[in-house]
Amino acid sequence: GRVVLVDDLVTTGASLAEAARGLGAAGADVLAAAVVAAAPDRPKAARSPAGGAGRPGQPG
């Protein structure tokens with residue numbers, strides 16, 4: 001069927017992209033994505049050396 005993805009917060013967009021990929025592979029027609037909030041892009045100097053953003057498993 002037709003699907004609109006909904007996310008509460010987008011940082012890199014990787015979760016939405018993976019969800020769209022998986023749903024598309026299963027035969028869904030992904031029409032759009034709606035997001036409530038977006039994290040501001042931080043300058044590279046503010047990112048941690050390990051690439052994390054203070055939350056395990058989250059890219060920085």
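Predicted model: local features only at pLDDT ≥ 70, side-chain atom pairs only at ≥ 80, totals over all residues.
E1 and strand E2 (residues 29–38) pair in the parallel sense over eight bridges; two strands count as paired if DSSP finds at least two bridges between them. Another residue with a counterpart in E2 is Val6, which stands opposite Ala34. Strand E1 covers residues 2–10.

E1, helix H1 (residues 14–25) and E2 form a right-handed β-α-β unit. A crossover is called right-handed if, with the strands pointing away from the viewer, the path from the first strand over the helix to the second runs clockwise. The order of elements in the protein chain, read from the N terminus, is β-α-β, and the secondary structure amounts to one helix and two strands. Helices (H or I, at least four residues) and strands (E, at least two) are DSSP runs, numbered from the N terminus.

## Basis of the model

Residues are numbered from 1 along each chain as its sequence is written.

## Chain-level surface and contacts

Of the 60 residues of the protein chain, 8% are buried. Buried means under 20% relative accessible area, exposed over 50%, and partly exposed in between (1.4 Å probe, protein chains only). The accessible surface of the protein chain is about 4400 Å², and 58% of this surface belongs to carbon and sulfur atoms. Accessible areas come from the Shrake-Rupley method with a 1.4 Å probe; for residues, only the protein chains shown count as cover.

Among contacts in the protein chain with a separation of 6 or more, 58% join residues 24 or more positions apart. A contact means heavy atoms within 4.5 Å.

## Residues of strand E1

Asp7 lies in strand E1 and is buried, with a relative accessible area of 17%. Leaving aside neighbours within four places in sequence, Asp7 is in contact with Leu16, Ala34, Val35 and Val36. The C-alpha atoms of Asp7 and Val35 are 5.0 Å apart, although 28 residues separate the two along the chain.

Leu9, also placed in strand E1, is partly exposed at a relative accessible area of 36%. Residues up to four places away in sequence not being counted, Leu9 touches Val35, Ala37, Ala38 and Ala39. Between the C-alpha atoms of Leu9 and Ala37, 28 residues apart along the chain, the separation is 4.9 Å. Val6, by its 65% relative accessibility, counts as exposed. In a regular strand the side chains alternate between the two faces of the sheet.

## Helix H1

Leu16 is located in helix H1 and is buried, its relative accessible area being 15%. Apart from neighbours within four places in sequence, the contacts of Leu16 are Leu5, Asp7, Val10, Ala33 and Val35. Leu16 and Ala33 are 17 residues apart in sequence, and their C-alpha atoms lie 7.6 Å apart in space.

The count of salt bridges comes to one, a salt bridge being a side-chain nitrogen of Lys or Arg within 4 Å of a carboxyl oxygen of Asp or Glu. Glu18 forms a salt bridge with Arg21, with the closest N and O atoms 2.7 Å apart. Because Glu18 and Arg21 are three residues apart in helix H1, about one helical turn separates them. Glu18 is partly exposed, at 42% relative accessibility.

## Nonpolar surface patch

Val4, Val6 and Leu31 form a nonpolar patch on the surface, and their accessible area together is about 290 Å². Patches are made of residues with over 30% relative accessible area and no salt bridge; like charges are joined within 9 Å, and nonpolar side chains (Val, Leu, Ile, Met, Phe, Trp, Tyr) within 5 Å.

How values were computed
Heavy atoms only, no water.
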